[in-house]
Amino acid sequence: MKALIERRAKLMAKLDEHLEQDGEVRELDEGQLKEVDSMIAEVKEIDAQIEQSKEIRTLKNTKETKEDKKDMETRAMLLEGKEVEVRDMTKSNVKGEQVTNGALVADRARELGLKDYARIEKFNGNSIIPVQKSKMGKLVKAPELAEIAKKDILVEQVDLRPEKYSLLTVVSEELINDSSYDVEGLIKEEGNQAIDETVEGMIADVLNKATGAVTVEPKAEGVISLEDVTNLYFALNTKYRRNAIFVVNDKHLKSLAGLVGTDGHPILVRDLVNGMQFKLMGRPVVLCEDIENMMFVDMQKAVVTGIGTNAQVKRSDDAYFTTAGVAFRTTIALDAKTCIEQAIAKIA
């Protein structure tokens with residue numbers, strides 16, 4: 001805007017020089033008239049750009065005012081004890097931030113968990129969501145159709161049934177009374193962390209209880225060897241292996257850190273893309289303390305997880321009255337089921 005105004009002022013000064021001399025209007029020849037007409041047209045173009053910029057700025061300010069008003073309404077409802085919906089409780093863990101030079105930078109992602117690799121279905125309401133367990137498969141020659149129908153044509157369904165899970169976030173009355181404190185932001189932050197932890201635990205429980213998983217007998221009980229890792233890798237069918245991940249607990253990770261390959265190099269290497277994680281035999285390694293046995297899993301095929309689109313939040317002043325705290329109850333629908341248990345291989 002400033003540059004446009006300065007450019008317009010310079011053009012107007014030139015027009016004055018062309019049109020007036022000693023306070024009187026000059027007589028212009030044909031070439032000078034064309035030059036004046038060109039400058040007038042340019043001034044009109046600049047005026048149009050300035051008006052457009054003002055309109056855009058007005059629209060932007062109106063939008064920001066509406067968003068601020070909506071945030072204030074949500075905050076007011078929370079503080080009044082009314083139940084509200086806090087959307088986007090399960091966003092990605094990478095966020096963008098504006099820096100002083102106008103560039104957009106992204107924070108480095110935290111360590112990826114089971115939830116980040118699992119198949120996620122969104123709940124919207126209380127309906128049961130049927131999930132196809134497997135695809136139809138390859139086409140076959142017509143004479144073989146009768147045989148293939150006997151073996152592969154049946155497609156089982158997995159029913160995700162939304163069940164309510166709740167958590168409490170306790171905030172001191174002092175912070176509640178501080179008008180500058182972002183209550184909704186706190187609920188989202190605490191809620192996201194709690195939902196992630198809950199979903200991780202549910203997925204781990206489903207994997208631990210998968211009776212149809214491929215099992216590998218260890219070479220020695222209580223110890224993970226290089227041969228065990230190799231057998232685990234090749235125990236999984238090729239079609240699941242290409243997208244599979246290793247799932248370990250802290251004890252397993254410590255054992256893997258001491259193993260070396262036939263070339264004398266450690267088999268557990270740092271992931272250069274995500275510095276928080278490791279890779280094993282070219283596949284990601286995910287740490288989960290709830291996992292009982294080391295696994296090699298195609299998470300997209302093995303597990304399906306249902307997460308509610310929105311979380312409902314309600315305030316209570318009674319639960320922590322004696323300690324001057326205010327509780328916010330966050331409720332969300334969750335479920336986790338196995339799909340294809342053959343996409344799971346574990347060391348027994």
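**Charged pairs, a ring cluster and a surface patch**

Lys219 is exposed, its relative accessible area being 63%, and like every value discussed here this one comes from a predicted model. The side chain of Lys219 forms a salt bridge with Glu227, in which the closest N and O atoms are 3.6 Å apart.

Side chains of opposite charge can pair when their charged atoms come close. In this structure the count of salt bridges comes to 7. One of them joins the side chains of Asp196 and Lys115, with an N to O distance of 3.5 Å. This pair links distant parts of the chain, because Asp196 belongs to helix H6 (residues 183-208) whereas Lys115 belongs to helix H3 (residues 114-117), and the two are 81 residues apart.

Another salt bridge brings together the side chains of Lys209 and Asp205, at 3.2 Å from N to O. Here Lys209 is exposed, with a relative accessible area of 58%, while Asp205, at 36%, counts as partly exposed.

Arg329 and Leu167 are 162 residues apart in sequence, yet their C-alpha atoms are 5.7 Å apart in space. Arg329 is partly exposed, with a relative accessible area of 36%.

Turning to the aromatic side chains, the structure holds 3 aromatic pairs. In one of these, the ring centres of Tyr233 and Phe234 are 5.0 Å apart and the planes stand at 80 degrees, so the pair is edge-to-face. Tyr233 counts as buried, at 17% relative accessibility. Ring pairs link Tyr233 and Phe234 with Phe246 and Phe296, and the four form a cluster.

Finally, on the surface, Asp250, Glu289, Asp290 and Glu292 gather in a patch of negative charge. Among them, Glu292 is found in the loop between strand E14 (283-287) and strand E15 (295-297). With a relative accessible area of 55%, Glu292 is exposed, because that class begins over 50%.

Methods. Residues are numbered from 1 along each chain as its sequence is written. This is a predicted model: local features need pLDDT of at least 70, side-chain atom pairs count only at pLDDT 80 or more; totals for chains, interfaces and linings use all residues. Side-chain values use heavy atoms; hydrogens and water are left out. Patches are made of residues with over 30% relative accessible area and no salt bridge: like charges are joined within 9 Å, nonpolar side chains (Val, Leu, Ile, Met, Phe, Trp, Tyr) within 5 Å. Accessible areas come from the Shrake-Rupley method with a 1.4 Å probe; for residues, only the protein chains shown count as cover. A salt bridge is a side-chain nitrogen of Lys or Arg within 4 Å of a carboxyl oxygen of Asp or Glu. Lys and Arg count as positive and Asp and Glu as negative; His and the chain ends are not counted. The place of a charge is taken as NZ of Lys, CZ of Arg, CG of Asp or CD of Glu. Helices (H or I, at least four residues) and strands (E, at least two) are DSSP runs, numbered from the N terminus. Buried means under 20% relative accessible area, exposed over 50%, partly exposed in between (1.4 Å probe, protein chains only). Rings of Phe, Tyr and Trp (its six-membered ring) pair if their centres lie within 6.5 Å; planes under 30 degrees apart count as stacked, over 60 as edge-to-face and the rest as tilted.
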